Amino acid sequence: MLTLNKDRCISCGLCARVCPMAVITYEEGAPVLHPDRKCMECWHCAAVCPQKAVCQEGVELYPPTPEGELETLVTTRRSVRHFKAEPPAKQVITQALELAAWAPTGKNERTYGWSVLYGRNRVLELLDVVLSWAADIPRFKVLTKLVKGHRDPVTCGAACVLFCHNTEDAANPETDCVIAATTAELLLVKQGVGTCWGGYLRRAADACPAARELLGIPEGHHVYAALLAGVPEGEPYRGAPYRPRPEIQWR
């Protein structure tokens, strides 16, 4: 069970700020735990807490950061959901996408492409399109309410979004895009760029004709990955969060 150690807590509110499910909120100058809400166990709250005040029974939420540059990069990467208004430098984005071309692809095909929405105003244009599209889809109707309430789970305030699309008749279209986007993400994080996978934007960019037109998605291509990118704001993560060991079978 998730708990907050009141003896350690300094009421900084960082745990509430980074909780994507509002399991922890900040009310009247202190974090408040809502056990009735479903925790997705990302443990951002623990990774950001300066006092190690977040606790989970039977779980070591503060594992040591592994040694090695690559190991540290992989384990401390976080999904950022608060961004500053300015976009990352185009040179940094371009370099990451160009280097991602060395990522493996099925049958060594290079059929995927990128569409980069650059600048907060451009992202807001897409957000308007997405909300109009989502208004007719029951499970997405809540998005408009959340955005109006200043809690934007669609763009998270990002000023840049990277979309990776691929022809539907490629050998492994989705896998190729996800591998390329994952490679690009790690390269961006290494340069200090905050990232978050944009599930709502990916769905809209693939299914909404107006969004596809805005992004210039070619006919016959599907969008398989959307990556928010920007300058993080107010998410000073301090280490690697807990992750359960995977089950590995040797046969």
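Tutor: A crossing of two helices is left-handed if the near helix is turned anticlockwise from the far one by less than a right angle, and right-handed if clockwise. Helices here are DSSP runs of H or I with at least four residues, strands are runs of E with at least two, and both are numbered from the N terminus. The model is predicted, so local features need pLDDT of at least 70 and side-chain atom pairs pLDDT 80 or more, while totals for chains, interfaces and linings use all residues. Residues are numbered from 1 along each chain as its sequence is written, and side-chain values use heavy atoms, with hydrogens and water left out.

Student: What percentage of the 251 residues is buried?

Tutor: Buried means under 20% relative accessible area, exposed means over 50%, and partly exposed is in between, with a 1.4 Å probe and protein chains only. In this protein, 42% of the 251 residues are buried. Of the contacts (heavy atoms within 4.5 Å) between residues at least 6 apart in sequence, 74% join residues at least 24 apart.

Student: At what angle do helix 4 and helix 7 pack?

Tutor: Two packed helices are described by the angle between their axes and the distance between the axes. The axes are lines fitted to C-alpha atoms over the stretch in contact, and the angles run from 0 to 180 degrees between N-to-C directions. Helix 4 (residues 90-99) packs against helix 7 (residues 173-190) at an angle of about 140 degrees, and their axes are 8 Å apart. Angles under 35 degrees count as roughly parallel, over 145 as roughly antiparallel, 65 to 115 as roughly perpendicular and the rest as oblique, and helix 4 and helix 7 are therefore oblique to each other.

Student: Is the crossing of helix 4 and helix 7 left-handed or right-handed?

Tutor: The crossing of these two helices is right-handed. On the side of helix 4 the contact involves Val92, Ile93, Ala96, Leu97 and Leu99, which meet Ala184, Leu187 and Leu188 of helix 7. The residues of this contact comprise eight nonpolar, no polar and no charged, where Ala, Val, Leu, Ile, Met, Phe, Trp, Tyr, Cys and Pro count as nonpolar, Asp, Glu, Lys and Arg as charged, and the others, Gly among them, as polar.

Student: How far apart are the axes of helix 5 and helix 8?

Tutor: The axes of helix 5 (residues 120-134) and helix 8 (residues 199-207) are 10 Å apart, at an angle of about 80 degrees, which makes helix 5 roughly perpendicular to helix 8. Leu126, Val130 and Trp133 of helix 5 form the contact with Leu201, Arg203, Ala204 and Ala207 of helix 8. By class, this contact has six nonpolar residues, no polar residues and one charged residue.

Student: Where is Val193, the residue in a loop?

Tutor: Val193 sits in the loop between helix 7 and strand 7 (194-197), and it counts as buried at 8% relative accessibility. Leaving aside neighbours within four places in sequence, Val193 is in contact with Pro88, Val92, Leu188, Ala229 and Gly230. Val193 and Val92 are 101 residues apart in sequence, yet 8.8 Å apart in space, C-alpha to C-alpha.

Student: Is Pro88 buried or exposed?

Tutor: Pro88, in the loop between helix 3 and helix 4, is buried, with a relative accessible area of 5%. Beyond its neighbours within four places in sequence, Pro88 has contacts that include Ile93, Tyr118 and Cys160. Ala89 lies in the loop between helix 3 and helix 4 and counts as partly exposed, at 41% relative accessibility.

Student: What is the phi of Glu28?

Tutor: Most residues other than glycine have a negative phi. Glu28, although not a glycine, has a positive phi of about 55 degrees; it is placed in the loop between strand 2 (24-27) and strand 3 (30-33), and at 87% relative accessibility it counts as exposed. Glu41 has a positive phi near 55 degrees, and lies in the loop between strand 3 and helix 2 (44-48).
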